[in-house]
Each structure stands twice: as C-alpha cells, then as structure tokens.
Amino acid sequence: MLNSEKSDRFQTQHLEFLRKLKLEGRVYAHGQFVDGAGELVIYQADSYKQVESCVKRDPYVVEQARDYEIHEWEMVIENQ
C-alpha cells in the first residue's frame, strides 16, 4: 500500500527517523525506487525482531502511509 497524500505529509518525519537510525548504526542505506513504487531501507540488526521493532516505529508505518515487507539478506562482498 502506498498512500501518496500521507507519504507527502509524513516524509519529513520519516526521513528524520531514518537519519537518527543511521547515526545509531541501525540503517546501512535507504532510497526511493526510481519508478516511484516505494523505498528500500537496509537495516543492520542482530535479529528479525530488532528490524521489525524499528520498522513499526517509522512514521510512514505508524501513520499508515506505507506498508512494509521485511526480508533477511546476506550481503556478499567479493574480494579483489
């Protein structure tokens, strides 16, 4: 679900929330999809529950501006 009106209204709070989490080392990166379909946030956490706790406090989620899906991801960095 993407509610454009609510997304616009709560964008500043959402970005501030992500900025704080990034400063705490809980967000690795984030950004919008080029096609406008939403956003990807890469969290750094020890467990699924830690990420879910963060996501559920995001103003976009609290205010029902956006839905979310959580997928665990194993990052691979190739040695050169």
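Student: Which contact joins the side chains of His 14 and Asp 58, and how should I read it?

Tutor: A polar contact is a pair of N or O atoms within 3.5 Å, where, within protein, one must be able to donate a hydrogen and the other to accept it, and residues adjacent in sequence count only if both atoms are side-chain atoms. In this predicted model, the side chains of His 14 and Asp 58 are joined by such a polar contact of 2.9 Å. Local features here need pLDDT of at least 70 and side-chain atom pairs count only at pLDDT 80 or more, while totals for chains, interfaces and linings use all residues. Residues are numbered from 1 along each chain as its sequence is written, and side-chain values use heavy atoms, with hydrogens and water left out.

Student: Is His 14 buried or exposed?

Tutor: Buried means under 20% relative accessible area, exposed over 50%, and partly exposed in between, with a 1.4 Å probe and protein chains only. His 14 has a relative accessible area of 3%, and therefore counts as buried. His 14 lies in helix H1; helices (H or I, at least four residues) and strands (E, at least two) are DSSP runs, numbered from the N terminus.

Student: Which residues is His 14 in contact with, leaving aside its neighbours within four places in sequence?

Tutor: Contact means heavy atoms within 4.5 Å. With those neighbours left aside, His 14 is in contact with Glu 39, Asp 58, Pro 59 and Tyr 60.

Student: What is the largest nonpolar core?

Tutor: In soluble globular proteins, nonpolar side chains tend to be buried together. A nonpolar core is a set of buried Ala, Val, Leu, Ile, Met, Phe, Trp, Tyr and Cys residues joined through side-chain atoms within 4.5 Å. The largest one here has eleven residues, among them Phe 17, Leu 18, Tyr 43 and Ile 70. Helix H1 (4-23), strand S2 (39-43) and helix H2 (48-57) each supply at least two residues of this core. Apart from neighbours within four places in sequence, Tyr 43 is in contact with residues including Leu 18, Val 51 and Asp 58.

Student: What is the phi of Gln 64, and where is this residue found?

Tutor: Most residues other than glycine have a negative phi. Gln 64 is not a glycine, yet has a positive phi of about 60°. Gln 64 is found in the segment after helix H3 (59-62) and, at 53% relative accessibility, counts as exposed.

Student: Which pattern does the protein chain follow along the sequence?

Tutor: The protein chain has three helices and two strands, and read along the sequence the pattern is α-β-β-α-α.
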